[in-house]
Amino acid sequence: GIKKERNMKICTNCNIEKSENEFYFRKETKKYINCCKKCASDNAREYYKNNKEKIDLQNKEYYENNKEEMIIQNKEYRENNKPRIAQYQKEYRDNNKEEIRIQRKEYRKKNIEKIILKSAHNRAIKMGYESNLILEDIIIPKTCPILGIPLFVSSVRTDNTPSIDRINNNKGYIRGNIIIVSWRANNLKSDASIDELEKLYLRI
């Protein structure tokens, strides 16, 4: 049979003609909204940016006053709308790749201690190690205590990225048994140079 062409619609925000599947459909009115999904997302993000404190306070107050009901509603919504949520998340990632990349980069810089702690806990669970570390145990020095190279966080993992290492490999990720070193120092066993091995030997 002949394939029916999808209806087109002009977004009132960007004035670009797009397929109807690029607009949200309102069940209440049984019509597509006039603003495309991308513009709607951009507008919502801009509004939140300009009214962040007010919105956060309102959301917090509402959540505190309706906590149990909100938890039940959110759980039911997620269970009943898995395909829709997955599609929305995919569209958001596709339409905001650069912004997401920047956000992740900034989060990594500001929360490297949290990332290291979570990584240690996950590895402990996976390998069956003991783990009792808290965030305050993750103290990042300016330089690697083994190789002497500076430690810093970038958008991708490098030799200078801070990394957690166990002092005694027979013990788990516990207080007094961890040290923050460079990613390079943590991987010396696989491809270390003679100079690096000497530094490692002197540290031991």
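## The largest cavity

By class, the residues around the largest cavity split into 3 nonpolar, 3 polar and 3 charged; here Ala, Val, Leu, Ile, Met, Phe, Trp, Tyr, Cys and Pro count as nonpolar, Asp, Glu, Lys and Arg as charged, and the others, Gly among them, as polar. The lining consists of Y24, K37, K38, S41, Y88, E91, Y92, N95 and N96. Its largest share, 4 residues, belongs to α4, and both α1 (37-50) and α4 supply at least two residues. Helices (H or I, at least four residues) and strands (E, at least two) are DSSP runs, numbered from the N terminus.

The volume of this cavity is about 50 Å³, and the count comes to 1 cavity of 30 Å³ or more. On a 1 Å grid over the protein atoms alone, a cavity is a set of points where a 1.4 Å probe fits but cannot get out, whereas a pocket is an open set with protein on both sides within 12 Å along at least five of seven lines; lining residues have an atom within 4 Å of a point. Grid points are joined across faces, edges and corners, and a volume is the space filled by probe spheres set on the points.

## About the model

Please keep in mind that this is a predicted model, where local features need pLDDT of at least 70 and side-chain atom pairs count only at pLDDT 80 or more, while totals for chains, interfaces and linings use all residues. Residues are numbered from 1 along each chain as its sequence is written, and side-chain values use heavy atoms, with hydrogens and water left out.

## The second largest pocket

The second largest pocket holds about 270 Å³ of space. Around it sit F23, Y24, F25, K37, Y77, R84, I85, Q87, Y88 and E91. By class, the lining has 6 nonpolar, 1 polar and 3 charged residues.

## The overall fold

The protein has 9 helices and 6 strands. Of its 204 residues, 25% count as buried, meaning under 20% relative accessible area, with exposed over 50% and partly exposed in between (1.4 Å probe, protein chains only). The exposed surface comes to about 15,700 Å², of which carbon and sulfur atoms supply 50%; accessible areas come from the Shrake-Rupley method with a 1.4 Å probe, and for residues only the protein chains shown count as cover.

Among contacts (heavy atoms within 4.5 Å) with a separation of 6 or more, 41% are between residues 24 or more positions apart.

## Nonpolar cores

In soluble globular proteins, nonpolar side chains tend to be buried together. A nonpolar core is a set of buried Ala, Val, Leu, Ile, Met, Phe, Trp, Tyr and Cys residues joined through side-chain atoms within 4.5 Å. The largest one here has 12 residues: I112, I116, L117, A120, A124, L133, I138, V153, I164, Y173, I178 and I180. The elements giving two or more residues to this core are α6 (112-127) and β6 (178-182), and the largest share, 5 residues, comes from α6. A second, separate core has 7 residues, including C144, L147, A185 and L188.

Leaving aside neighbours within four places in sequence, L133 is in contact with L117, A120, H121, I138, I164, Y173, I174, R175 and I178. The C-alpha atoms of L133 and H121, 12 residues apart along the chain, are separated by 8.0 Å. L117, for its part, touches L133, I134, L135 and I138, not counting residues up to four places away.

## Two loop residues with positive phi

N15 lies in the loop between β1 (8-10) and β2 (17-19). Its phi is near 60°, a positive value in a residue other than glycine, and N15 is exposed, with a relative accessible area of 60%.

K30 belongs to the loop between β3 and β4 (31-36). Phi of K30 is likewise positive, near 60°, in a residue other than glycine, and K30 counts as exposed at 66% relative accessibility.
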